Amino acid sequence: MSVFSHKPHHHDHDAEHFVEQVVRASEERGLRLTPLRREVLELVATSEKPAKAYDLLDRLRERHGNAAPPTVYRALDFLLTQGFIHKLESINAYVHCPHPAQSHQVPFLICDKCDSAVEVCDGRVAELIAAQADALGFTPQDQTLEVHGVCKDCRER
């Protein structure tokens, strides 16, 4: 049985609560959430749509003036590796993960009009993919499942 509900998760939330969850998860895992990693996490968490790395860099430069691309990418890599954020490969952007304490792979629904991203927190999808892979003798190492279309709000406009 999956720990995830069968309801999609829109990426609008309480950013402060999310960051607190990540801080707790980092402490429990013995990870070092440096001030820069935390700041990049906060920027991703407060972004109204999936955040691109160079947009994050621009926002950091507004605050610090000297941020460099490798710095942002290292922070993003750490956050990705720990499962605190997800990368939307098809649009090369990042979103927070509503379940930062749990390792998981989930599909996303991405609106091509407003760039919203909905995380489909339905364990049945992951279970189906795992079962199919197992039946074929395939060992998955990474998964990217992104479905593009138009969200309800954009369709109703």
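Biologist: How much space lies in the second largest pocket?
Modeller: About 380 Å³. Keep in mind that this is a predicted model.

Biologist: Which residues are closest to the centre of that pocket?
Modeller: Ile85, His86, His104, Gln105 and Asp142, out of 21 residues that line the second largest pocket.

Biologist: And which elements give two or more residues to the lining?
Modeller: Helix 4 and strand 2, the latter covering 85-88. Strand 2 gives the largest share of that lining, with 4 residues.

Biologist: How do the lining residues divide into nonpolar, polar and charged?
Modeller: For the second largest pocket you get 6 nonpolar, 10 polar and 5 charged.

Biologist: Helix 4 came up there. At what angle do the axes of helix 3 and helix 4 cross?
Modeller: Roughly 115°, and the two axes come within 10 Å. Helix 3 is residues 53-64 and helix 4 is residues 69-81.

Biologist: Right-handed or left-handed, helix 3 passing helix 4?
Modeller: Right-handed.

Biologist: Which residues meet there, between helix 3 and helix 4?
Modeller: From helix 3, you have Ala53, Tyr54, Leu56, Leu57, Leu60 and Arg61. They meet Pro69, Val72, Tyr73 and Leu76 of helix 4. By class, the residues of this contact come out as 9 nonpolar, no polar and 1 charged.

Biologist: OK, other pair. How do helix 1 and helix 2 cross?
Modeller: Their axes cross at roughly 140° and come within 9 Å, with helix 1 being residues 15-29. Helix 1 passes helix 2 in a right-handed crossing.

Biologist: Which residues make that contact?
Modeller: Helix 1 brings Ala15, Phe18, Val19, Val22 and Val23, while helix 2 brings Arg38, Leu41, Glu42, Ala45 and Thr46. In the contact of helix 1 with helix 2, 7 residues are nonpolar, 1 is polar and 2 are charged.

Biologist: Switching to charges: how many salt bridges?
Modeller: The count comes to 5.

Technical notes. Residues are numbered from 1 along each chain as its sequence is written. This is a predicted model: local features need pLDDT of at least 70, side-chain atom pairs count only at pLDDT 80 or more; totals for chains, interfaces and linings use all residues. Side-chain values use heavy atoms; hydrogens and water are left out. Axes are lines fitted to C-alpha atoms, for helices over the stretch in contact, and angles run from 0 to 180 degrees between N-to-C directions. A crossing is left-handed if the near helix is turned anticlockwise from the far one by less than a right angle, and right-handed if clockwise. Contact means heavy atoms within 4.5 Å. Ala, Val, Leu, Ile, Met, Phe, Trp, Tyr, Cys and Pro count as nonpolar, Asp, Glu, Lys and Arg as charged, and the others, Gly among them, as polar. On a 1 Å grid over the protein atoms alone, a cavity is a set of points where a 1.4 Å probe fits but cannot get out, and a pocket is an open set with protein on both sides within 12 Å along at least five of seven lines; lining residues have an atom within 4 Å of a point. Grid points are joined across faces, edges and corners, and a volume is the space filled by probe spheres set on the points. A salt bridge is a side-chain nitrogen of Lys or Arg within 4 Å of a carboxyl oxygen of Asp or Glu.
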